[in-house]
Structure formats: C-alpha cells, structure tokens
Amino acid sequence: MSNESFLDIIKKQRNAKKTKKFKGTFLEYLEEVRDNPSIVKLSHKRLYETIKNYGLKTVDIDNESYRDVFNGEKIRMYDYFSKEFFGMESVINKLMRFMKSAAMKGEESRQVLLLMGPVGAGKSALVESIKKALETADRFYQLEGCPIREEPLHLIPRTLRNDFAELLGVHIEGDLCPICRHRLMNEFNGEYENFPVTQSSFSQRGRRGVAVVPPMDANSQDVSVLIGTEDISKLDLYSEDDPRVLSLNGAFNVGNRGIVEFVEVFKNEIEFLHTMLTATQEKRVPSPGKNDMIYFDGVILTHCNESEWNRFKSEHTNEAILDRVLKINVPYVLELEQEMKIYTKMIDRSDFRDTHIAPHTIKVASMFSVMSRLRPTNKCDLLTKMKIYNGEAIIEKGKVKKVDIKDLKDEAKNEGMEGISTRFIMKALDAALSDSDKGMVTPINVIDSMIKQVKEQIIDEDAKTKFLEILQKIIREEYLSILETEIAKAFITAYEEQAQSLFDSYLDNAECFTTKSKVKNKITREEHAPDEKFMRSIEEMIGVVGSARDGFRSDVTAFMFSRMRKGEVIDYKSYGPLKEAIEQYLIMSVKDIARIVTRSKTRDDNQKTKFNEMVQTLISNYGYNEDSAEEILTYASNNLWRDS
C-alpha cells in the first residue's frame, strides 16, 4: 500500500468527524428543541432507541421450532446483538423489555438492572456491548463546561417549566448541579438564556457518560469513587460550601445521562452501595462536602454470579437495595447449534482461524458443554434431551416423537446455571490446536484434550465422574455413529441422487398402495402391483413393522400431497421419518463393503480405487483434508469394526 493510500484513509476518517457541532446560547438551544423535541431524552430512552434503531424483528411464534425453543414466548430479535451473541435471545429480550419500560418512565427507570449467572455465561460481554452501543448514539446537548454534562433545560426555573414544556412539547426533569448554579448567578447574572450550550458524545475511555466501578475491598472503598471529592488545593481559596471546590469526577458524575456499570457488584461492602438507593429512587446522589444533592439520570447496570447473589439476598439488612434491583438470569447456552456458533466466532477471531479444523470438531466440544449443563430427566436420556433442545426431530417407530420442551424446562428450573463454561471449552480447543503437529485438529484430539482438562481442573469428584462419563461414553459413541454414517455416505457415489431415487420409488409405491391402484413403469408403461418387499425393506430401517405399515404409508402420502398443494418442493428430506429410513437403507447397503475397504491393509486394485474415491469425497464434499481424512478413517477402523 502506497503512502497516498495511507493518507487517504487518514483524511477519510478526519472528514467523517467534521460534522457540524452545535454551539450557541440556551435561547438558540430552545429553538432547536422546538424544531425537534426528540433531542430531549432521558438516559434509558436514548439507550433503548440507539439499540432498536439497528433493527429488530419479532419471532413468529406460529413457527413450531421457534415456539418450542422459546416456550411460546413472544421474542424480539435485536440486530445489534445478532453477530455477537448466540443462544441469548431470551436474555436479551428481557433486558430490552426492561429498557423499553424504563424508556417509557415506568418503575424500571428507577431500578438497577442486575445480570446474574455463572462464570463465562456472557454477562460482562453483554454489558460491554451495551456500552459500545451508547458510544454510537447521536450527540447530545449539554451545558458548556458542566462537569456532569447535564441537560440544558435544567436552567428553566420551576415556576416556568410547565409553560416551556407546553411550548416545546417535552417533559422537563432535573435540577442544576451546584457548579452550574453558581456560574449562572455569578457569570451570567441569572440570565439563563445566555448560558452557553454545546454538543457532546459518549466515550468510556474519555469518561463521558460511561463509568465503570470495579469491585474493591473494604479497606480501599471510598465513596468519592462514586460521587467525586473536594479539591483540597481550592479550600484555601474558597469555603467548604462553595461549589467551586467540588471535583465531580465520581462514577455517578461521569455516568450521568449514560451508563454506570458495577462490576461484580456484591463483592463490595453494603455501605459502599448505599448511594444506589438515592440514585435509583430519588434520582439524586450526594455531593462531596456541604452542597445539595445532585440530580442523576443514568442506566445502572450490574452483574454478579449466583453465589454472591444468594449471599447478598440472605442478609435481611439488604432489603432496601434488593427492592430496587431487577434481576435477569444469564444461563449458559443450551442449544447445540447456538453453542457451536460461539466457538466458531472465537476461533475466527484468533490466529487459529487458519488451522484446519476437521468436521464435527466444534460439534463434539459443544455437545460436551451443553450436556454438562443439562439436568437428568426420566423422560429421556441426556443426548436425546440435548437434541430436543436443539430443535431436532426424534424418530421413533416411524413417527416423530413428540416431547414437550416446556415440560422438560418446567421440570428443571434454572437449568443452565451450572456446568462447563465456554472458557473451559475454549482452553481445551486451544490446547488441541496448539499441540497439533500437522496444523489441524480433529474431534479425536479435542475429546482427548477435554478429558485431560476435566481430570486436571475439575475438583468436585461427583462432577468429574459425570463429565468423564459424558465424554468417554456418550460423546464417543455418538461421534462414532456420526463417523460411521459419514464414511458410508462417502463410499456411495452420488449419494444424494440415489437417496432421491429411492424416495421417488417409495412414494410411487406408497401412493398406489394407499389408493389401491397399480404402479406404472415410467419406461415400459406396464402396470404392476405396489412392490411390497421394497417398501418393507425401507420401513424396517426405522422399526415400522406389522400393522403400523399401513398407517405409515398413509401418513407419508398425505404429508407429501399436502406440501404439493401448497406449491412446496418435495424431496427425500421433506418427511423426517422417511428421510431417516432411506438414509439407513442406503448406508446399511454399503456398510459391509465400506468396512472391508477401510480396514483392508492389502487392498486389490478395485478396493484401492474405491478407497481413494472415498477419501476424495471426504475432502471435496465433507470438508476434510488429507491428514484429517486419514486420521478419522484409521480411528474408525480401530474403533468401529473390530469384530467385523
């Protein structure tokens, strides 16, 4: 890139910042408000509208898969969060519902929002994302030189506020801070129409409207962190009650009109949190020294883990603060596909993104994290429960097994509040990626890495036993099942075409069987009775036998004709039970041959050709490279077909 190109980038960025910034008197500001009353916003409304303006959509609860996942709850999806957060739709929906209600000046506008959940569930990341959203908000108007960047309308005397509110079409709330009040009377002789007004923006690094309060031990806690202090150097010049000695640089001063975040809030002593009480209910915070309380308009966001929350709420003396807290649980993700997106995103943002990651690697890691978070139930095993939560159809005796997700979730309240964290899985993935000598990682490596990490890092023996059973038994067996199917599919030339051909043939025969008509040969045009032997060979793959056959054939025919009437395209994947039957039929037809070819150490020319074709199919169609294909085929030979 030439120097001119670098200069173009620099100039483009500078020019983008050269939008005209308002600077004028309060009287001129009133004209701006009259022309556009929407520029007057309280903090919750500004934040809500900033996020909403990125775009949102409401989930169609008539869609069965969405309805099952969200328990029929009306969910709004906000585009701002869509590329960063996966499986957190319900949490974000609750958070934005709070924000919307607070924007409408409901009771939530006087509440602290608490995100509570296990480590690594995404609480901090969610708060960081919200703070970044505020930094993209439109510029806001403030009194020039005001240390808390307050709303200029605070200048209007209370006796005139109703008149001004009616003229401007806005609600006026709040009072001047002591410093601006002193300036108004001494610099402008009370002529508030001449007080200068300017525009500002939000910046965490610039400490403009975004404040962060880290947890502090009892010895270092000082309320000045929250409300500012007195400038000792000025006490020789002015009296203690003179506003000019104030240094309003505390978190509630910095976060005025924006956000104040309390990190791990309940690690602090209760006395340190008392300022929250007046900040929420009265919208005022104490000023340092002997001045009056200062108006505060801000969103207070906090987060903590479950043990800290339980300890804090067990103390009856904390009731006043608890009454001002709205808690939102932030559990671990319980949907497999969403969990996979989290790790894919993290790897894509690391230097491991160029490493070859074999198919199903992220899946087996995600299976472990999700199953570790699920609570056992008598209704199904953990693997089935995970698949149900993931929206997968469970086929049993030729029918889609109906399992009520709502019942499963009602049975396990607060599910997802414990288990393996995303950080734990990422460390296992990082270890597997780092240990790779061939610049690749496979599910085999990752399973071994997770087993090693569980043995080394999980202290609780019961949890360790449970996690090792999931890894060494459930996940290994499920991966072997996936691998066996994939190898058999790779062995079949033109798998999709053969599956579709079987589907077409079965549908023709089932339709004629149901309508008691003859099947017409498409080439010879001869008619013959439905092929009972062929249909049974397909149906037996999923346990449809005896009298159940008639009902299955009728169900398939009715389903397909229903889709055709709606103008929908049908193929072998359209009806879940039939798709599984056809796939099993195809796979079983070649499994024995695939086993021989895969295991054979001295292949003849035909076997060599078939083996090489299978490897190329795994590479071109399934996403393997030569090394990973060789590794999984060796693994399959050693673990799948020992007794064959």
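Gly120 sits in the loop that runs between strand S4 (112-116) and helix H7 (123-135), where helices (H or I, at least four residues) and strands (E, at least two) are DSSP runs numbered from the N terminus. This is a predicted model, in which local features need pLDDT of at least 70 and side-chain atom pairs count only at pLDDT 80 or more, while totals for chains, interfaces and linings use all residues. Residues are numbered from 1 along each chain as its sequence is written, and side-chain values use heavy atoms, with hydrogens and water left out.

**Surroundings of Gly120**
- With a relative accessibility of 15%, Gly120 counts as buried (buried means under 20% relative accessible area, exposed over 50%, and partly exposed in between, with a 1.4 Å probe and protein chains only).
- Leaving aside residues up to four places away in sequence, Gly120 touches Tyr332, Thr422 and Arg423, contact meaning heavy atoms within 4.5 Å.
- Between Gly120 and Tyr332 there are 8.0 Å from C-alpha to C-alpha, although the two are 212 residues apart in sequence.

**Positive phi in loops**
- Asn414, in the loop between helix H18 (405-411) and helix H19 (422-435), has a positive phi near 60° and is partly exposed at 45% relative accessible area.
- Lys516, in the loop between helix H22 (495-515) and strand S19 (519-520), has a positive phi near 55° and counts as exposed at 76% relative accessibility.
- Most residues other than glycine have a negative phi.

**Lys52**
- Lys52 belongs to helix H3 (residues 43-52) and is partly exposed, its relative accessible area being 32%.
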